[in-house]
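Take a look at the model below.

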Amino acid sequence: CRLRFLLRRELSEVPKDSMEIHDIIPDHNALLALEPEEVGGVILEYLNALPPGAQGPLNRYNFGLPHTVRDYPREFQTNISQVLMEGWMWLEREGLIAPKPGEQGEWIFITRRGRQVKNRAGLETYRRSDLLPRHLLHPQIAQRVGSAFVRGDYDTAIFQAFKEVEVAVREKSGLPADLVGVQLMRKSFDVDDGPLTDFDSENGERLATQHLFAGACGCYKNPQSHRKVGIEDAAEAIETIALASRLLKIVDARKRNKVD
């Protein structure tokens with residue numbers, strides 16, 4: 001009982017002018033509509049903004065007390081407390097907060113990653129960076145597209161991925177620099193005399209490969225070169241980048257043919 005009393009007292013000592021959850025999301029309906037990871041961003045912003053010496057909220061029990069939700073309508077406080085705890089548990093699972101070493105009870109500290117993320121905007125960036133499967137991508141593409149993808153600039157990320165394919169095709173084929181885009185792909189994988197054509201495959205497969213490279217370049221690189229396509233869906237961007245990665249791996253595996 002004394003431990004609970006001390007926890008409550010420490011929580012009551014948080015300065016009244018410090019940020020509250022209500023200051024970040026004043027609309028209770030908006031807070032209740034958030035997914036756990038979005039709630040986690042709100043909580044992380046709150047915890048990172050605590051003034052020096054305000055340790056009370058850095059405890060799961062304290063955080064779950066009515067004090068945390070006192071500024072919301074009373075009839076919604078129980079539901080809001082439950083939603084906030086979902087967000088708290090998400091932060092623990094992601095390693096953004098962790099049990100405080102050497103302490104008893106439910107004390108936590110904000111991890112190095114949690115300090116870097118800081119707030120909802122930083123959390124959104126963190127979540128985007130975690131979506132891109134770098135371990136599955138061609139290393140060169142993973143390196144080139146990473147920063148643009150994290151910023152949410154998917155048009156640039158896709159353009160950069162297919163630019164890497166085009167550069168690799170030109171270098172491996174030995175074709176001149178003034179041959180670009182679709183024409184470069186068609187010439188490089190020409191069915192009869194392409195420098196990157198696999199002549200061990202049958203004619204239909206050669207033609208399909210030529211169409212694959214030319215079509216991908218025409219669909220995904222050329223539009224990004226000339227206008228803002230406006231891709232906003234991360235999953236669509238990942239799928240398209242993965243296609244460029246596969247094409248680049250094919251180019252890496254090809255040997256340059258001697259063409260008269």
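Rings of Phe, Tyr and Trp (its six-membered ring) count as a pair if their centres lie within 6.5 Å; planes under 30 degrees apart are stacked, over 60 edge-to-face, and the rest tilted. The structure holds 5 aromatic pairs. One of them joins Phe149 and Tyr154. Phe149 and Tyr154 are both buried, meaning under 20% relative accessible area, where exposed is over 50% and partly exposed lies in between (1.4 Å probe, protein chains only).

Now turn to Phe189 and Phe213. Their ring centres are 4.2 Å apart and their planes are at 20°, so this pair is stacked. The pair links distant parts of the chain, 24 residues apart. Phe189 sits in the loop between α11 (181-188) and α12 (203-226), while Phe213 belongs to helix α12. Helices (H or I, at least four residues) and strands (E, at least two) are DSSP runs, numbered from the N terminus. Phe189 is buried, and Phe213 is too. Elsewhere, Tyr46, Phe63 and Trp88 form one aromatic cluster.

Next comes helix α9, residues 139-151. The expected span of a helix is 1.5 Å times one less than its number of residues. The 13 residues of α9 should therefore span 18 Å, and the end C-alpha atoms are 19 Å apart, which agrees. At Val145, α9 bends by about 45°; the bend is the angle between axes fitted to the seven residues ending there and the seven starting there. Buried residues of α9 include Val145 and Phe149. What covers the buried residues of α9 includes α8 (120-131), α10 (154-173) and α13 (234-253). After α9 comes Gly152, with a positive phi near 85°.

Helix α10 has 20 residues. From first C-alpha to last, α10 reaches 29 Å, close to the expected 28 Å. It is mostly covered, with 14 of its 20 residues buried. Just after α10, Gly174 has a positive phi of about 75°.

How far can you trust this? This is a predicted model, in which local features need pLDDT of at least 70, side-chain atom pairs count only at pLDDT 80 or more, and totals for chains, interfaces and linings use all residues. Residues are numbered from 1 along each chain as its sequence is written, and side-chain values use heavy atoms, leaving out hydrogens and water. pLDDT is the predictor's confidence in each residue, from 0 to 100. The protein chain has a mean pLDDT of 87, and 89% of its residues reach 70 or more. Over residues 1-13, pLDDT stays under 50. Where pLDDT is low, the predicted coordinates should not be read in detail.

Conventions
Contact = heavy atoms within 4.5 Å.
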